[in-house]
Amino acid sequence: MRPEQGTLISRAQAIAALLELLTDQPVIICNGFPSREAHKIADRPTHFYMIGSMGNAPAIALGVALAKPHKQVITFDGDGNVLMGMGTLATIGALKPKNFIHVVFDNEVYGTTGNQPTISNVVPLEKVAKAAGYVNVERVLDREDLVYEFKDMLKKNGPSMLLIKVNEFSEDAGRVLHEPPDITKRFMKAIQ
Ligand SMILES: Cc1ncc(C[n+]2csc(CCOP(=O)(O)OP(=O)(O)O)c2C)c(N)n1
Ligand SMILES: [Mg+2]
């Protein structure tokens with residue numbers, strides 16, 4: 001465990017703080033515990049839970065942001081997921097959707113599969129995003145800064161990345177029980 005772990009909030013605490021600031025905005029959530037915890041905290045039809053495949057949530061969110069330019073589109077992602085789909089950062093940076101906020105819960109591990117270390121401790125993902133063309137990027141270490149920066153990003157033109165350092169704790173959250181086609185149908189209807 002990293003020395004600063006004890007002072008960091010958990011991914012679920014971060015998700016709860018973010019969902020309190022959101023109502024009916026589309027939120028596309030990466031696979032694994034981020035989806036399981038978001039589903040446990042608040043299961044909204046405007047949530048698209050990625051089931052199974054890593055690295056895809058921001059690509060789906062980019063498509064939604066381009067198709068729905070008047071909606072603020074948010075994606076919840078993990079450090080392992082970002083590393084797996086890093087090319088998507090370049091596509092987002094190049095296309096520059098103004099209505100796109102990329103939230104990364106960075107626990108420096110593949111938490112869902114048993115805390116195997118990633119390399120986000122040495123590769124600052126928000127700086128990669130900035131170099132790729134994201135307009136605003138911030139790294140936060142506590143709940144107060146998270147709320148301040150996320151509110152600010154909701155007002156600003158993106159694309160934006162909010163990287164939240166979180167500890168390795170995972171909630172006791174079961175799998176998302178909706179079938180993927182049902183998630184898709186429900187989501188598409190909700191964001192029309
Ligand atoms: C292509 C692919 N490889 C591996 C897995 C297994 N897997 C599921 S979630 C996960 C870890 C995700 O890590 P991260 O994005 O950092 O999220 P965390 O669980 O740490 O919040 C892994 C390795 C998968 N689902 N898909
Ligand atoms: Mg992780």
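This is a predicted model: local features need pLDDT of at least 70, side-chain atom pairs count only at pLDDT 80 or more; totals for chains, interfaces and linings use all residues.
Helices are DSSP runs of H or I with at least four residues, strands are runs of E with at least two, and both are numbered from the N terminus.

I then checked the geometry. Helix α5 and helix α6 (residues 125-132) pack at about 45 degrees, with axes 8 Å apart. Axes are lines fitted to C-alpha atoms, for helices over the stretch in contact, and angles run from 0 to 180 degrees between N-to-C directions.

I listed the contact (heavy atoms within 4.5 Å): Leu89, Ala90, Gly93 and Ala94 of α5 meet Val128, Ala129 and Ala132 of α6.

Next I looked at threonine 88, in α5 (residues 87-95). Threonine 88 is buried at 14% relative accessible area (buried is under 20%, exposed over 50%, partly exposed in between; 1.4 Å probe, protein chains only). Beyond four places in sequence, threonine 88 contacts Gly55, Pro58 and Ala59.

Last, asparagine 136, in strand β7 (residues 136-140). Asparagine 136 is also buried, at 14%. Its C-alpha lies 7.8 Å from that of methionine 153, 17 residues away in sequence.

Notes: residues are numbered from 1 along each chain as written, and chains are lettered from A and ligands numbered from 1 in written order. Local features need pLDDT of at least 70, side-chain atom pairs 80 or more, while totals for chains, interfaces and linings use all residues, and side-chain values use heavy atoms, without hydrogens and water.
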